[in-house]
Amino acid sequence: GNALRKGDIGEAKKNFLNVLDLDRTNSKAREQLAAIQKAEADYENAMKKVKEKRYYDALPLLDSAGKYLFEAQNERDKIRKYLSNDVALLEKQGIELYEKGDYRGCITVMNRLLLIDPKNRVGMIYLPRAVKRQGALERLR
């Protein structure tokens, strides 16, 4: 617990493994260990995507891994900064798609926008609208 709060993942992993050596049934230690291992796998997977310049695919993984790994948070923030030039274009594209009635396209664009800027007003307004409209269209079919 303590090492985890300090961000020392190696130490935290060792501690949880020690707990499990003493008590195989300790579900808290087992869950924490699994969460750390998932974060490490997500981070590794994300970094492969970053190498391939698949930034939008990497961001959700970095976000998830960032709950445990500071380096994942740093990488996520670096990518968001790098992609921040796309924000205005994505806003414009998303609104145009919405107005044309291409709600599916709008949803894709708004999701990308919110990956870069999770509190983006345009994304937060248009995404739920587009989802609602798309849902209504699918119910009509």
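**Close-up views of a predicted helical model**

**View 1. E75 in helix 5.** E75 sits in helix 5, where helices are DSSP runs (H or I, at least four residues) numbered from the N terminus. The model is predicted: local features need pLDDT of at least 70, side-chain atom pairs count only at pLDDT 80 or more, and totals for chains, interfaces and linings use all residues. Residues are numbered from 1 along each chain as its sequence is written, and side-chain values use heavy atoms, with hydrogens and water left out. Is E75 buried or exposed? E75 is buried, because its relative accessible area is 11%; buried means under 20%, exposed over 50%, and partly exposed in between (1.4 Å probe, protein chains only). Leaving aside residues up to four places away in sequence, E75 touches M47, V50 and L62. Contact here means heavy atoms within 4.5 Å.

**View 2. Confidence along the protein.** The mean pLDDT is 92, and 95% of the residues score at least 70. pLDDT is the predictor's confidence in each residue, from 0 to 100. Helix 1 (residues 2-6) has the lowest confidence, with a mean of 65. Helix 6 (residues 87-100) has the highest, at 98. Where pLDDT is low, the coordinates should not be read in detail.

**View 3. The buried residues of helix 4.** Helix 4 spans residues 55-65. Its buried residues are Y55, Y56, A58, L59, L61, L62 and A65. Their cover includes helix 3 (27-51), helix 5 (70-83), helix 6 and helix 7 (103-116).

**View 4. K53 in the loop between helix 3 and helix 4.** K53 lies in this loop. K53 is not a glycine, yet its phi is positive, at about 60 degrees. Most residues other than glycine have a negative phi. K53 counts as exposed because its relative accessibility is 60%.

**View 5. Helix 2 against helix 3.** Helix 2 (residues 9-22) packs on helix 3 at about 145 degrees, with the axes 9 Å apart. Axes are lines fitted to C-alpha atoms, for helices over the stretch in contact; angles run from 0 to 180 degrees between N-to-C directions. The crossing is left-handed: the near helix is turned anticlockwise from the far one by less than a right angle. Helix 2 brings I9, A12, K13, F16, L17, V19 and L20. Helix 3 meets them with A29, R30, Q32, L33, I36 and E40. The contact has nine nonpolar, one polar and three charged residues. Ala, Val, Leu, Ile, Met, Phe, Trp, Tyr, Cys and Pro count as nonpolar, Asp, Glu, Lys and Arg as charged, and the others, Gly among them, as polar.

**View 6. Helix 6 against helix 7.** The axes lie 8 Å apart, at an angle of about 160 degrees. That makes helix 6 roughly antiparallel to helix 7, a term for angles over 145 degrees. Helix 6 passes helix 7 in a left-handed crossing. Residues in the contact include L90, I95 and L97 of helix 6 and V109, M110 and L113 of helix 7. By class, the contact divides into 11 nonpolar, three polar and two charged residues.

**View 7. Helix 7 against helix 8.** Helix 8 covers residues 121-140. Its axis comes within 9 Å of that of helix 7, and the two cross at roughly 150 degrees. Helix 7 is therefore roughly antiparallel to helix 8. The crossing is left-handed. Among the residues that meet are I107 and L114 of helix 7 and L127 and V131 of helix 8. The contact holds 13 nonpolar, three polar and three charged residues.

How values were computed:
Angles under 35 degrees count as roughly parallel, over 145 as roughly antiparallel, 65 to 115 as roughly perpendicular and the rest as oblique.
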